[in-house]
Amino acid sequence: MAFPSEFLDLAKRVNNWGRWGSDDEIGTLNLITDNVVRAAAAVVRSGRRVPLAVPLSQQGIQTGMIRGRVNPLHSMIAVNWEMFGPDTVATSDDVVTMGLQAGTHWDALPHVSRAGRIYNNRPASGITAHGGASRSGIDKARHIVSRGVLLDVAAALGVERLAPDYAVGPEELEAAEEFGRVRVRPGDLVLIRTGQIRLFLAGDREGYAVPSPGLSVRCPEWFHARDVAAVANDTLTFEIFPPEIENVWLAVHALHLVEMGMLQGQNWNLEELSEVCAQERRYEFLLSATPEPFVGATGAPVAPIAIL
């Protein structure tokens, strides 16, 4: 199916191919400069630390909807093993098999392609079964630390959780800015709370997945205009699902990852952060969110920490 003109026009307006040179592999992470990080460090006041990752276990977010993306299978390969003989120090050791995007994670730029291309006009054929992504793998995102901003859309609209068919647009993002008395600026890491993850935390894994509120196709242009470095939210699909434009699946993924070169994160637990930001009456913080550097991976788990 051909993409409609509505989508293609958006893609042209947000396209960053070549903006940081033909060899660039990190896209909008280039916006996190040394000056941006120094300014981000300056927002720390109380020192309160808020973890944003969901626990990794067999009772995780994945239900089988996404083929092969399994919850972590944790096995012990040694239990109190006296490696050097009797009465020596004993060791215990573990292994894990899991989908790299099974829990709280970043999508890398090659996670999706469109018309046979990934970010910066590279061929999608550079992703292979054995080598993964030859360019722009998640290992290229070596340090993601910047000012974080919580746009608490659910709180701004006076609800605990958005309706499952709610498409968050620029109007809601600006309402959340006003609610939090904060303004998104270049190089920021923007976190968008819908409240959807409350379903998962309450044990409703199926209800958490689909249907789901999420970002509208109108949001990427807003992020592009604000020079946002990366965006994450508290849903499985990131964008509204099922999609706004009939039969155009993962349109926001394509606009962010392929056209803009902007990482996006899913399954972030923003509930405690929402409470802490409300208590401290500020919605900006230092955010440390570097993914695990799996070479050539199209996504990776992350354990983000917001420091207020």
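Asp152, Glu160, Arg193, Arg198 and Glu271 are linked in a network of salt bridges, a salt bridge being a side-chain nitrogen of Lys or Arg within 4 Å of a carboxyl oxygen of Asp or Glu. This is a predicted model, so local features need pLDDT of at least 70 and side-chain atom pairs count only at pLDDT 80 or more, while totals for chains, interfaces and linings use all residues. Residues are numbered from 1 along each chain as its sequence is written, and side-chain values use heavy atoms, with hydrogens and water left out.

Helices (H or I, at least four residues) and strands (E, at least two) are DSSP runs, numbered from the N terminus. Glu271 is buried, with a relative accessible area of 10%, whereas Arg198 is partly exposed at 32%. Here buried means under 20% relative accessible area, exposed over 50%, and partly exposed in between (1.4 Å probe, protein chains only).

A search of the whole structure turns up 16 salt bridges. One of them joins Glu25 to Arg135, with the closest N and O atoms 3.2 Å apart. Glu25 belongs to the loop between α1 (5-14) and α2 (34-41), and Arg135 to the loop between β8 (132-133) and β9 (145-152), so the pair ties together parts that are 110 residues apart in sequence. Glu25 counts as buried at 17% relative accessibility, and Arg135 as partly exposed at 28%. Arg218 and Glu171 also form a salt bridge, their closest N and O atoms being 3.0 Å apart. That pair links distant parts of the chain, with Arg218 in the loop between β12 and α7 (219-226) and Glu171 in helix α4 (residues 170-180), 47 residues apart. Both partners are partly exposed: Arg218 has a relative accessible area of 38%, and Glu171 one of 46%.

Now for the nonpolar side of things. In soluble globular proteins, nonpolar side chains tend to be buried together. A nonpolar core is a set of buried Ala, Val, Leu, Ile, Met, Phe, Trp, Tyr and Cys residues joined through side-chain atoms within 4.5 Å. The largest such core has 67 residues, and Trp106, Leu191, Phe223, Trp268 and Leu273 touch the most other members. Helix α8 (residues 251-260) provides the largest share of this core, 7 residues. Apart from it lies another core of 8 residues, among them Val54, Ile61, Ile197 and Tyr208. Leaving aside neighbours within four places in sequence, Leu191 is in contact with residues including Leu52, Val149, Ala232, Trp268, Leu273 and Phe285, where contact means heavy atoms within 4.5 Å.

Most residues other than glycine have a negative phi, and most peptide bonds are trans. The bond from Val210 to Pro211 is cis, with omega near -10°, and Pro211 lies in the loop between α6 (205-209) and β12 (214-215). Another cis peptide bond joins Phe241 and Pro242, with omega about 0°; Pro242 lies in the loop between β13 (230-233) and α8. The loop between β13 and α8 also holds Phe238, whose phi is positive, near 70°. Phe238 counts as buried, at 0% relative accessibility. Asn121 has a positive phi as well, near 65°, but counts as partly exposed at 41% relative accessibility.

As for the chain as a whole, the secondary structure comes to 9 helices and 17 strands. With 308 residues, a compact globule would have a radius of gyration near 19 Å, and the chain's 20 Å agrees; the radius is taken over C-alpha atoms, and the globule rule is 2.2 Å times the number of residues to the power 0.38. Buried residues make up 51% of the 308. Of the contacts with a separation of 6 or more, 77% come from residues 24 or more positions apart.
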